[in-house]
Amino acid sequence: MTRTLDSHTLVRPLTGSSRTRPTLTQMLTVWKQRRQLRNMDSRTLNDLGISHQDAMTEANRPAWNVPVHWLK
């Protein structure tokens, strides 16, 4: 029997006190988002209300450093 995986299958619920580390799927998601943020031009960042310095600070964080609310 072959099992196919989709994005919903790979994401496990983040419930319980044992969830203190991000899943691989979460790290990949945040890596992609930070890569997109790094590639935004100043006009787009300005439209979002984000300074270039703040965007670069966020974009340079490691992939395993995910938002805290993802781990609750």
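1. **Helix 4, buried side.** In this predicted model, helix 4 covers residues 52-59, and its buried residues are Ala 55, Met 56 and Ala 59. Buried means under 20% relative accessible area, exposed means over 50%, and partly exposed lies in between (1.4 Å probe, protein chains only). Helices are DSSP runs of H or I with at least four residues, strands are runs of E with at least two, and both are numbered from the N terminus. The arc is taken from the directions that run from the helix axis to the C-beta atoms.

2. **Helix 4, other side and partners.** Gln 53 and Asp 54 are exposed on the other side of helix 4. The buried residues of helix 4 pack against helix 2 (24-38) and helix 3 (42-48). Contact here means heavy atoms within 4.5 Å.

3. **Helix 2, length.** Helix 2 has 15 residues, which at 1.5 Å a residue should span 21 Å. The expected span is 1.5 Å times one less than the number of residues. The end C-alpha atoms of helix 2 are 21 Å apart, which agrees.

4. Which residues of helix 2 are buried? They are Gln 26, Val 30, Arg 34 and Leu 37. Their arc around the axis is only 65°, which puts them on the same side of helix 2. Leu 24 and Gln 36 are exposed on the other side. The buried residues of helix 2 pack against helix 3 and helix 4.

5. **Salt bridges.** Side chains of opposite charge can pair when their charged atoms come close. A salt bridge is a side-chain nitrogen of Lys or Arg within 4 Å of a carboxyl oxygen of Asp or Glu. How many salt bridges does this rule give? The count comes to two. Glu 58 forms a salt bridge with Arg 34, with the closest N and O atoms 3.0 Å apart. That pair links distant parts of the chain: Glu 58 is in helix 4, Arg 34 is in helix 2, and they are 24 residues apart. Glu 58 also meets Arg 61 in a salt bridge, at 2.7 Å from N to O.

6. Is Arg 34 buried or exposed? Arg 34 counts as buried because its relative accessibility is 4%. Glu 58 counts as partly exposed, at 26% relative accessibility. Arg 61 is partly exposed too, with a relative accessible area of 29%.

7. **Around Glu 58 and Gln 33.** Leaving aside neighbours within four places in sequence, Glu 58 is in contact with Arg 34 and Leu 37. Gln 33 is found in helix 2. Gln 33 counts as partly exposed, at 42% relative accessibility. The C-alpha atoms of Glu 58 and Gln 33 are separated by 9.9 Å, though the two are 25 residues apart along the chain. Gln 33 and Ala 63 are 30 residues apart in sequence and 9.9 Å apart in space, C-alpha to C-alpha.

8. **Thr 23.** Where is Thr 23? Thr 23 sits in the loop between helix 1 (7-10) and helix 2. Thr 23 is buried, with a relative accessible area of 7%. Thr 23 and Trp 64 are 41 residues apart along the chain, and their C-alpha atoms are separated by 8.6 Å.

9. **The whole chain.** The protein has four helices and zero strands. From the N terminus on, the elements run α-α-α-α. Buried residues make up 21% of the 72 residues. Among contacts between residues at least 6 apart in sequence, 57% join residues at least 24 apart. The accessible surface comes to about 6000 Å², and 54% of it belongs to carbon and sulfur atoms. Accessible areas come from the Shrake-Rupley method with a 1.4 Å probe, and for residues only the protein chains shown count as cover.

10. **Confidence and method.** The mean pLDDT is 79, and 74% of residues reach 70 or more. Over residues 1-18 the pLDDT is below 50, and beyond near neighbours in sequence this stretch has 12 contacts in the model. pLDDT is the predictor's confidence in each residue, from 0 to 100. Local features need pLDDT of at least 70 and side-chain atom pairs count only at pLDDT 80 or more, while totals for chains, interfaces and linings use all residues. Residues are numbered from 1 along each chain as its sequence is written, and side-chain values use heavy atoms, with hydrogens and water left out.
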